[in-house]
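Colleague: Could you take me through how to read the overall form of a model, and then a single residue within it?

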Amino acid sequence: MDYERPLRILILAAEIVPFAKVGGLADVVGALPKALQALGHDVRLAMPRYRQVDPQRFGLTTVINALPVDMGSFRVQVSVRQGEIGEDIPVYMIDAPRFFDRENIYGYTDDGDRFILFCRAVLEAMRVLKWSPDIVHCHDWHTGIVPNWLHTIYRNDPFLTSTASVYTIHNLAYQGIFGYRILEVAGVAANGFLYPQITELANVVDIMGRGILFADAVTTVSERYAQEILTPTFGEKLDHMLRSRQERLFGILNGIDYEEMNPLTDRYIHTHFDASSLDKRVENKTALQEQIHLPVNVDIPLLAMISRLADQKGFDLLSQIIQPLLAQGIQFIVLGIGDQHYHEIFQNLAARYPDQLAIFLTFNTELAQRIYAGSDIFLMPSRFEPCGLSQLIAMRYGCVPIVHSVGGLADTVQEYDPRTGKGNGFAFTNYDPWEFFAAVVRALELLRFKDIWRTLQQRGMAADHSWQASAVRYVEVYRNALAFHKSGK
Ligand code: GLC
């Protein structure tokens, strides 16, 4: 039966765990393929080979030596290496030193060229490898040109005519906006490939916009965010276009890697525990207090934030209420890198409140896991949040979240209601520092009622945020995309 046929799925992304990670995108693309494979599909991945991806450490092999890639007025020779994740899932890496052998993953004036090159090289490499995908699944702006290509320069290419595209938005705030030259580089500068009738594309080159407009199906990483981006408040000027594609826009919540994220086996934490042995969890709290040089005392509420230090993540709200928060006698730990401005604010505060505030301006997996396992309350006051992974990890480790009710945060955290006894955390609706503050106060109040608190912890730990269910939904979307593609719509 055609419907049950396993699919050949090619996933393109700019970052993939364990090779390169800047944000949650890398976690998602590093985990979803394993769940798709478990459902019986042939999944392959592609990313650039950055400087930090050491060929030896990751055992990369070379699968294509010299592949010419057309970049408009010039050609680039790339080679293709292969690594793997999970059980033999191939990860093709486009090796083009001039473009990717650099200090960082993003942030260069030629980022447009870099990711156009990456995408074009991947499609051409598949031709050489004679592996024609049923689905190309593209993520974020870096790969948005691919759905556009399948409708333009590759439209009549027999190798790709039956390939459908799925485009996933992880963050609409980064759209890949460039000058017209990038269209020449991408080979889509011809008249028929400009879209003067489409307002969002008439005056700018918006690569994400092209992805949204041409993909057979578009997804984003929670149902709530899929609704939010249809509105001007969250739509980042693409809400109108998204509304026009509404019948093929799907929200699918991210999962987390349940094998990696498990308080019963986590190799970094002091004492293992699960929902039935929560008494032992406190040993992680004292071990953490000791490690970060805060007074060791189980009765002092320990609050935590692990995040990019940026406005999007609510640091503007936090910096307005941090002093009254500390006046509640709490301890607070912050881990993450971000805007210089926030680095300074928090470093100064930590110097003033050494017994209450511990700041680590770095990225450190080991410490992160200990924070999830040892702190009482996890703060996530993001202004907007397509999905959010940290609140899911926090809940899995019995750390109770306080969130701004938006996007994936709204879909996964419900305010505890003392009347009905329902809920698994705390939430505030308006993006306002004092609403945030009030939510923290409610949490601190409830923390004194150990039995109720434990129920909240257990609810968070019982929730299923593994990838299985979400992978099944992606496969449904892939089948939808194929149907859309076939119907020629
Ligand atoms: C982006 C979003 C975040 C989401 C992640 C993975 O980083 O900001 O909310 O969890 O992508 O989809």
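Modeller: The radius of gyration can be set against the value for a compact globule of equal length; this is a predicted model, and for its 489 residues that value would be near 23 Å, with which the 23 Å of the protein chain agrees. Taken along the principal axes, the C-alpha atoms fill a box of roughly 65 × 50 × 50 Å.

Colleague: Which secondary structure elements does the protein chain have, and how many? What share of the contacts with a separation of 6 or more joins residues 24 or more positions apart?

Modeller: There are 18 helices and 17 strands, and among contacts with a separation of 6 or more, 72% join residues 24 or more positions apart.

Colleague: Turning to one residue, where is His41 found, and is His41 buried or exposed?

Modeller: His41 lies in the loop between helix H1 (24-38) and strand S2 (42-48), and His41 is buried because its relative accessible area is 9%, where the cut-off is under 20%.

Colleague: Which backbone atom does the side chain of His41 reach, and which residues does His41 touch?

Modeller: The His41 side chain comes to 2.9 Å from the backbone nitrogen of Leu7. Leaving aside residues up to four places away in sequence, His41 touches Arg5, Pro6, Leu7, Ile9, Leu36, Val475 and Arg479.

Definitions and conventions:
Residues numbered from 1 in each chain as written. Predicted model: local features only at pLDDT ≥ 70, side-chain atom pairs only at ≥ 80, totals over all residues. Heavy atoms only, no water. Helix = DSSP H or I, 4+ residues; strand = E, 2+ residues; numbered from the N terminus. Rg over C-alpha atoms; globule rule 2.2 N^0.38 Å. Contact = heavy atoms within 4.5 Å. Buried < 20%, exposed > 50% of the residue type's maximum accessible area, 1.4 Å probe, protein only. Polar contact = N/O pair within 3.5 Å; in protein donor to acceptor, adjacent residues only side chain to side chain.
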